[in-house]
Amino acid sequence: MHIELTEMLRCPEPHREDAMVLSTGEMIGRMVRSGLVGCSVCHKEFLITNGIADFTGSGEQGAGSGVTAARSAPRSPLPASAELQALLELSGPGGFVVLLGDAARFAVSLSGLMAGIHFVGVNAPADAEELPVLSLLRASGGIPLRQSFARGVVVGADLATSPWLVEAHRILLRGRRFVTLHDKPDLPIGLAQLATAKGLWVGEKK
């Protein structure tokens, strides 16, 4: 997990957003390979192991995974990375783009097209690995990130269900693009549809 992501984290427990506190163990460059993230409100602690910050379970050390079951969705041909880059419509470096579920597979190819942007994979495929351009988080009941901070969100077909889509909407900045790799997602309110085709739904946060 990139150390600068710490200030964007939020505790998954149902209380006010407040700062999370990072205690680092092993670091490689700016990436935290092991450590703890603690909540300043409820004082729960969440482990970082092999670069992955784990917010699943009860929030106690050693908690089980408990990741919400993925959606069984028909597979559409995956878009090209250049197509996703165009749909996200980001100009200039800086900030974060969140990739949910299977969408995390695009992190490497998108980083080659969108220099200076850091990607955050939430519940990425099991074979995904932390990279200097990609932080990995595991979550069960919601996305452990602050409200309205992401410059873009891409939701994989496996997580294109209402609870995750509502959370993706919450973390997205107003006026920014919301892309799902599923053309009939269970969408939350507050999104303006821009396009739907070839297994994709594209909107913008109002």
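Two residues are in contact here when they have heavy atoms within 4.5 Å of each other. Keep that in mind as we walk through this structure, which is a predicted model.

Leaving aside its neighbours within four places in sequence, Leu145 is in contact with Leu5, Met8, Leu9, Arg10, Val98, Val120, Leu137, Arg170 and Ile171. If you're wondering about the general background, nonpolar side chains tend to be buried together in soluble globular proteins.

In what order do the 11 strands of the open sheet sit? Going across, the order is 1-4-5-6-9-8-7-10-11-13-12, and the pairing is mixed. At the edges you find strand 1 (20-24) and strand 12 (191-197), each of which pairs on one side only. Neighbouring strands of the sheet are turned against each other by 20° on average, with direction ignored.

Strand 4 (35-39) and strand 5 (45-49) run antiparallel and are joined by 4 bridges. As an example, Gly35 has Ile48 of strand 5 as its bridge partner. These two strands make a hairpin with 5 residues between them, and His43 in the turn has a positive phi of about 70°. Strand 5 then pairs with strand 6 (residues 52-54), again in the antiparallel sense, over 2 bridges. Here Thr49 is partnered with Ile52 in strand 6. This hairpin has 2 residues between the strands, and Asn50 takes a positive phi near 55°. For a parallel case, turn to strand 10 (150-155) and strand 11 (172-180), which are joined by 5 bridges. There, Val154 stands opposite Val179 of strand 11.

Which residues make up its covered face? They are Phe46 and Ile48, while Glu45, Leu47 and Thr49 are on the uncovered face. In a regular strand, the side chains alternate between the two faces of the sheet.

Next come the helices. Helix 1 (81-88) lies across strands 7, 10, 11 and 13, and it runs at about 150° to strand 11. Helix 3 (162-171) lies across strands 7, 10, 11, 12 and 13, running at about 145° to strand 11. In helix 1, the buried residues are Ser81, Leu84, Leu87 and Leu88. Looking down the axis of helix 1, you'd see its buried residues fall within an arc of 120°, so they line one face of the helix. They pack against strand 7, helix 2 (107-113), strand 10, strand 11 and strand 13 (200-205). Just after helix 1 comes Glu89, with a positive phi of about 50°. Glu89 belongs to the loop between helix 1 and strand 7.

Is Asn123 buried or exposed? Buried means under 20% relative accessible area, and Asn123 counts as buried because its value is 11%. Although it is not a glycine, Asn123 has a positive phi of about 55°. Its side chain reaches the backbone nitrogen of Ala139 at 2.9 Å. Pro125 is buried too, because its relative accessibility is 14%. Not counting residues up to four places away in sequence, Pro125 touches Gly101, Asp102, Ala104 and Arg105. Take Gly101 as the example: Pro125 and Gly101 are 24 residues apart along the chain, yet their C-alpha atoms are separated by 6.5 Å.

Key. Residues are numbered from 1 along each chain as its sequence is written. This is a predicted model: local features need pLDDT of at least 70, side-chain atom pairs count only at pLDDT 80 or more; totals for chains, interfaces and linings use all residues. Side-chain values use heavy atoms; hydrogens and water are left out. Buried means under 20% relative accessible area, exposed over 50%, partly exposed in between (1.4 Å probe, protein chains only). Two strands pair if DSSP finds at least two bridges between them. The arc is that of the directions from the helix axis to the C-beta atoms. A polar contact is a pair of N or O atoms within 3.5 Å; within protein, one must be able to donate a hydrogen and the other to accept it, and residues adjacent in sequence count only if both atoms are side-chain atoms. Axes are lines fitted to C-alpha atoms, for helices over the stretch in contact, and angles run from 0 to 180 degrees between N-to-C directions.
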